[in-house]
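The structure comes first, and my notes follow.

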Amino acid sequence: MKKSALQRVRSEYQPKLPKALQGTVKIKIGPATESVADQEEIKKLFPHTYGLPIVEFEVSKEPETVEAPFNVGVILSGGQAPGGHNVISGLFDGLKRLNKENRLYGFLMGPSGFINHEYMELTADYIKDYRNTGGFDIIGSGRTKLETPEQFESGLKILKELNIKALVIIGGDDSNTNAAVLAEYYKNIGAGVQVIGVPKTIDGDLKNQWIETSFGFDTACKVYSEVIGNIQRDCNSAKKYYHFVKLMGRSASHIALECALETQPNVCLISEEVLAKKMTLDEIVNYLCFVISERAKKGWNFGTVLIPEGLVEFIPSMKDLISELNDVLAVKAEELEGLQPHEKLDKIEKMLTPSNAALYKSLPRHIARQLSLDRDSHGNVQVSLIETESLLSEMVSKRLSEMKDAGEYSGKFSAQHHFFGYEGRCADPTNFDADYTYALGMNAAMLINSGLTGYMSSVRNLTEKSEDWIAGGIPITMMMNMEKRHGHMKPVIQKALVNLDGRPYQKFASQRDTWAMETCYLYPGPIQYFGPAEVCDRPSMTLLLEHDKDA
């Protein structure tokens with residue numbers, strides 16, 4: 001494999017480990033747990049894996065013993081996140097440390113490889129080319145859901161054939177929910193197969209007291225913040241554009257908030273705040289116009305606006321419209337099929353209730369078209385395809401024209417649009433993510449060796465030096481609640497939204513008025529891998545603030 005100069009040097013980096021994972025470990029059993037909500041329902045659905053204790057690993061003074069050999073399978077599930085390769089590297093090294101005869105098998109292209117028996121053995125020679133690199137290309141990933149007994153049984157056949165005693169699923173909240181269901185199923189039938197989850201998502205919405213951050217969030221936010229900083233430098237140089245930047249994060253605004261703390265834009269919209277204040281689309285547009293008109297009074301006809309990807313679903317009126325559109329498109333599919341785009345929009349408008357029809361009609365036509373596209377596999381609007389940045393800038397432009405006619409605005413407005421998503425998902429991990437993911441993988445090997453199942457690998461105390469990180473595991477069921485999916489109540493891991501009472505949001509809220517009226521841009525620059533620890537090893541500002549540290 002041909003490597004760039006950075007790849008060659010980066011491959012030599014040895015991730016740092018918590019003290020507890022550097023040698024022989026002993027397990028410390030903590031208190032029993034219960035689910036975050038809906039305890040009776042979750043307990044009924046997971047009788048064999050509910051209420052398990054939190055566990056923590058400690059340094060053992062006993063000499064290291066060679067364990068009997070065993071094999072492990074690993075799946076990369078869902079969207080990519082920086083550091084996945086290091087989870088696999090840490091898992092591999094942990095297994096080989098326990099016994100050199102242990103083997104690791106990777107299922108190809110996500111859960112479908114598990115179901116269809118497509119796999120490869122991951123060897124030291126193969127893995128060495130992927131250490132400290134971004135992406136999931138070591139074995140590929142996929143979004144197939146593991147949720148039916150037929151799938152579980154098909155997977156069990158290959159596990160038995162390869163003599164695999166444990167399966168590690170590296171994924172987000174849905175993937176880890178499926179890991180919990182799989183663990184319960186195998187425990188119930190006495191399959192003798194353990195299932196361990198690893199917390200992955202750049203969106204940052206898989207976290208709690210024990211999972212302080214999901215891996216990949218730190219790297220992705222630093223990639224986006226670098227580019228936002230570059231745009232702001234250009235913006236402050238040319239002084240003639242408003243840049244509307246949409247950022248990944250459908251279900252929560254953690255990425256937008258982190259990037260705002262890193263770059264200090266003029267405006268950053270937080271979906272959770274919009275929902276809490278029940279803001280309308282008009283109110284958001286009015287706020288943007290106020291900031292733009294006030295800056296224009298200073299002769300500043302430029303600025304940056306950060307927008308979370310899922311914003312439209314948090315605006316109550318838009319949420320109502322989307323919900324009704326979902327029903328109309330499902331029920332009236334045949335009636336709408338084959339119509340020309342303009343005919344389809346007119347027909348849909350007539351099918352909506354008056355209030356939703358008025359809102360639908362007020363939207364730019366291309367946005368109305370995007371809202372009317374085919375739904376995803378969950379039956380939901382495909383939010384990433386909605387150009388929210390264009391929607392807002394067009395509505396702002398129209399409102400500013402009206403203000404100009406009324407003598408309330410005398411500036412110039414010109415917009416540029418950006419969407420940063422895929423650019424951050426496969427970046428080479430920061431030192432923080434490289435260390436964190438390697439520790440999560442090594443930790444998963446120790447959880448397997450301890451005979452546990454239905455657990456998520458947990459490494460915490462992450463704002464301290466890596467040697468002081470705390471390694472262990474938490475039962476996945478403790479993160480669950482019941483939610484409606486496809487019209488049925490299902491157990492799922494509860495998403496962590498931006499906490500409007502938390503320090504990260506509070507710091508942002510205390511400074512945003514100044515950022516709006518002044519030009520206070522920060523320029524984070526590119527990710528640094530070599531140099532002072534305060535530059536190279538610093539975790540996200542969100543994590544620092546959540547732990548009452550200076551950021």
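Which residues does Leu91 touch, not counting residues up to four places away in sequence? Taking contact as heavy atoms within 4.5 Å, I found Val72, Val74, Leu104, Val168, Gly441, Met442, Ala444, Ala445 and Ile448.

I note that this is a predicted model, in which local features need pLDDT of at least 70 and side-chain atom pairs count only at pLDDT 80 or more, while totals for chains, interfaces and linings use all residues. Residues are numbered from 1 along each chain as its sequence is written, and side-chain values use heavy atoms, with hydrogens and water left out.

Next I looked up the nonpolar cores, each a set of buried (under 20% relative accessible area, 1.4 Å probe, protein chains only) Ala, Val, Leu, Ile, Met, Phe, Trp, Tyr and Cys residues joined through side-chain atoms within 4.5 Å. The largest has 109 residues, of which Ile88, Leu91, Phe114, Tyr186 and Leu247 touch the most other members. Helix H20 (residues 431–449) gives this core its largest share, 11 residues; helices are DSSP runs of H or I with at least four residues, and strands are runs of E with at least two, numbered from the N terminus. A second, separate core of 46 residues includes Leu281, Ile284, Val312 and Met403.

I then turned to strand E12 (residues 455–460), where 6 of 6 residues are buried. Tyr455, Ser457 and Val459 lie on one side, and Met456, Ser458 and Arg460 on the other. Strands pair if DSSP finds at least two bridges between them: E7 (residues 194–199) runs parallel to E12 with 2 bridges, and E13 (residues 470–475) is antiparallel to E12 over 6 bridges. Ile196 has Tyr455 as its bridge partner, and Val459 has Ala471.

Key. Buried means under 20% relative accessible area, exposed over 50%, partly exposed in between (1.4 Å probe, protein chains only).
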